[in-house]
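These are my notebook entries on a single chain, set down in the order in which I looked things up. The sequence and the model come first.

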Amino acid sequence: MNQENTGAAAQLEAHARDFSVLFSSTPRGARLARLLAAEQLRSWGLPWEAAGQIIAELAANAATHGRLPGRSFRLALHAVHGTLRIELTDTRGDRRPVRREPGEEDEGGRGLLLVAAFADRWGVADDRFPRKIVWAELDLVAPEPGAPCSGGTGGQ
């Protein structure tokens with residue numbers, strides 16, 4: 001078991017931590033979401049590398065595919081009971097993300113493949129109309145042998 005993850009899980013057992021911020025649905029807003037989230041996770045003493053990759057992909061998707069002019073997206077982090085939950089809420093509930101296999105010539109379409117690779121679970125949930133929440137969870141403790149590793153309900 002990774003000692004960094006073990007220490008992080010022990011810290012989470014002491015108390016839950018929450019962080020939530022609105023960002024403009026722009027490439028700059030997506031970049032700022034990733035940078036502020038990484039800093040927040042560092043301040044909590046939690047590993048941030050995998051979470052940073054997930055946040056980068058989900059924030060880019062929110063700013064690109066979940067964008068409505070004049071509307072923001074919300075990044076929320078919840079760390080409790082050995083799990084870090086990342087949530088990105090945007091105002092395009094009518095556009096659900098779909099994981100697909102891009103062709104060799106495709107310049108995009110790999111974001112959700114990366115999310116699935118880094119996250120222990122991920123999925124999509126409906127929020128109050130017209131919003132949706134794309135979420136991912138990272139276990140901060142080692143999983144039990146034989147436990148499923150990725151793919152949340154509704155996420156694939």
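**Entry 1: helix α2.** Against which elements do the buried residues of α2 pack? I looked this up in a model that is predicted. I found that the buried residues of α2 pack against β1, α3, β2 and β3. I then listed these buried residues: Gly29, Ala30, Ala33, Ala37, Ala38, Gln40 and Leu41. In an α-helix there are 3.6 residues a turn, so residues three or four places apart point the same way. I also checked the span of α2, which has 17 residues and reaches 25 Å from its first C-alpha to its last. That is close to the 24 Å expected at 1.5 Å a residue. After α2 comes glycine 45, and I noted its positive phi, near 75 degrees.

**Entry 2: the chain as a whole.** I counted four helices and five strands. Read from the N terminus, I have their order as α-β-α-α-β-β-α-β-β. The chain has 156 residues, and I recorded 39% of them as buried. I next looked at contacts with a separation of 6 or more; residues 24 or more positions apart account for 66% of these.

**Entry 3: the nonpolar core.** Which residues have the most contacts inside the largest nonpolar core? I found Ile54, Leu58, Phe73, Leu75, Leu77, Leu84 and Ile86, in a core of 32 residues. At least two residues of this core come from each of β1, α2, α3, β2, β3, α4, β4 and β5. I noted that α3 gives the most, with seven residues.

**Entry 4: the largest pocket.** I read a volume of about 430 Å³ for the largest pocket. Of the 20 residues that line the pocket, Asn61, His65, Pro97, Val98 and Leu112 are the closest to its centre. By type, I have the lining as seven nonpolar, five polar and eight charged residues. Which element gives the most to this lining? I found that it is α3, with four residues. The elements that each supply at least two residues of the lining are α3 (49–64), β3 (83–90), α4 (111–118) and β5 (132–139).

**Entry 5: loops and backbone.** I looked up histidine 81 in the loop between β2 and β3. Histidine 81 has a positive phi of about 50 degrees, although it is not a glycine. Is histidine 81 buried or exposed? I classed histidine 81 as exposed, because its relative accessible area is 61% and the cut-off for exposed is over 50%.

In the loop between β4 and β5 I looked at proline 130.

Threonine 91 lies in the loop between β3 and α4. I classed threonine 91 as buried, because its relative accessible area is 9% and buried means under 20%. What does threonine 91 touch, not counting residues up to four places away in sequence? I found Gly66, Leu68, Arg71, Ser72, Pro130 and Arg131.

Notes: Residues numbered from 1 in each chain as written. Predicted model: local features only at pLDDT ≥ 70, side-chain atom pairs only at ≥ 80, totals over all residues. Heavy atoms only, no water. 1 Å grid on protein atoms, 1.4 Å probe; cavity = no way out; pocket = protein on both sides within 12 Å on 5 of 7 lines; lining within 4 Å. Points joined across faces, edges and corners; volume = space filled by probe spheres on them. Nonpolar A, V, L, I, M, F, W, Y, C, P; charged D, E, K, R; others polar. Core = buried A, V, L, I, M, F, W, Y, C linked by side-chain atoms within 4.5 Å. Buried < 20%, exposed > 50% of the residue type's maximum accessible area, 1.4 Å probe, protein only. Expected span 1.5 Å × (residues − 1). Contact = heavy atoms within 4.5 Å.
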